[in-house]
Amino acid sequence: MAKHAELIASLPKAELHLHIEGSFEPEMMMQIAERNRVEIPFKTLEEAKAAYNFSNLQEFLDLYYQGMNVLRTEQDFHDLTWAYLKRAKLDNVQHVEMFYDPQAHTGRGVAFGTVTEGILSALKQGEKELGISSMLIMSFLRHLSEEDGFALLEESKPWHDKFVGVGLDSSEVGHPPLKFERLFARCRELGFKLCLHAGEEGPPSYVREALLDIGADRIDHGNRSMEDAGLIEILRDTQTPLTNCPLSNLALCVIDDLKQSPLKAQLEAGFLVTVNSDDPAYFGGYINRNYEQISDALDLSAQQVVQLAKNSFTASFLPENKRSHFIQKIENA
Ligand SMILES: Nc1ncnc2[nH]cnc12
Ligand SMILES: [Zn+2]
């Protein structure tokens, strides 16, 4: 058992970096494939699990996009989201800011409204029945063009009040934030928070672009920021949140060992860093397992674990009164 397992289980947490399509467990994938009569390349659960094996981001993404191909109906998206929320509840997640990738669905003929309404209905149910508050972040796929991004922004117009922000994900190297400079400027004008994956595989210059040229409100991953002393200073001084995903970093070979994670150094440098699960069905663990494994690997103190849980609310897009409510709850725990 992990050293701080009980403490971790007891702490209220916010999950700020979670792709709902990355919570698609192979069991559910097989059920939905059957229900929708969609062919998948696995005959058994064992075969599916054996395929969840990758050595970089692109290998993972190829599987991730293939897996979500079985999702076709509003009910599918509802079921996927509901399953995640029930699982998150077990880990004492009390607030989630969830990414989804509409272009990965509209690009194969599933309507934007089908995807979005399915997710939203489950989030509403999660609030009511599980007491988990939630916000939705619409992500742009960075391997597609900025023009495609503008088309998504237009298509999503009737739902703009349902999103707290927009994101940028998928294949990082070769697709720097500045490729989407005009798109994010427009999103900022529309009042969206900006969350960009940067510095996962890509160089520190991508984090600089996200932060200084685009004006990101949060950096997703940001591991490679540690290679740039100037950037370290900026991240500390601006308190721009970083959403670190330890088991994702390990599975995608961003690090060879959890001991190489920058998380402790970032905490000790005074960054507003958080722990998240990214794509938990693919990377071997939901949020508590991420906290447990990284705490053991880096020998984090109980105080540092508590700090991470507090950071998860401080770094959220919740209004100040709600953030301090949760932080108070942690202090009283
Ligand atoms: N870790 C990750 N990096 C980039 N794009 C993603 N889409 C889903 N998970 C991702
Ligand atoms: Zn991610």
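This report walks through a few spots in the predicted model above, starting with the ligand.

## Ground rules

The model is predicted, so local features need pLDDT of at least 70 and side-chain atom pairs count only at pLDDT 80 or more, while totals for chains, interfaces and linings use all residues. Residues are numbered from 1 along each chain as its sequence is written, and chains are lettered from A and ligands numbered from 1 in the order in which they are written.

## Around ligand 1

Which residues are around ligand 1? They are His19, Gly22, Leu57, Tyr64, Asp169, Ser170, His197, Glu200, Ser248, Asp278 and Asp279 (a residue is near a molecule if its C-beta atom, placed from the backbone, lies within 6 Å of it). This shell splits into two nonpolar, five polar and four charged residues. Here Ala, Val, Leu, Ile, Met, Phe, Trp, Tyr, Cys and Pro count as nonpolar, Asp, Glu, Lys and Arg as charged, and the others, Gly among them, as polar.

## A look at Glu200

Glu200 carries the UniProt annotation "active site", from an unreviewed entry; UniProt positions are given in the numbering used here, feature names are shortened, and annotations may be inferred rather than shown by experiment. You'll find Glu200 in the loop between β5 (193-198) and α10 (204-214). Helices (H or I, at least four residues) and strands (E, at least two) are DSSP runs, numbered from the N terminus.

Is Glu200 buried or exposed? Glu200 counts as buried because 23 other C-beta atoms lie within 10 Å. The cut-offs are 20 or more for buried, 12 or fewer for exposed, and partly exposed in between, counting other C-beta atoms within 10 Å of the residue's own, with C-beta atoms placed from the backbone. Leaving out residues up to four places away in sequence, Glu200 touches Leu57, Glu172, His221, Asn223 and Val254 (contact means C-beta atoms, placed from the backbone, within 7 Å).

Gln260 sits in the loop between α12 (246-251) and α13 (263-268). With 13 other C-beta atoms within 10 Å, Gln260 is partly exposed. The C-alpha atoms of Gln260 and Ala297 are 8.8 Å apart, though 37 residues separate the two along the chain.

Now for Glu46, which is part of helix α3 (residues 45-51). Glu46 is exposed, because its count is 10 other C-beta atoms within 10 Å. From Glu46 to Pro26, 20 residues away in sequence, the C-alpha to C-alpha distance is 9.2 Å.

## Helix α15

Several residues of α15 are buried, including Ile287, Tyr291 and Ile294.

Technical notes: Contact = placed C-beta atoms within 7 Å.
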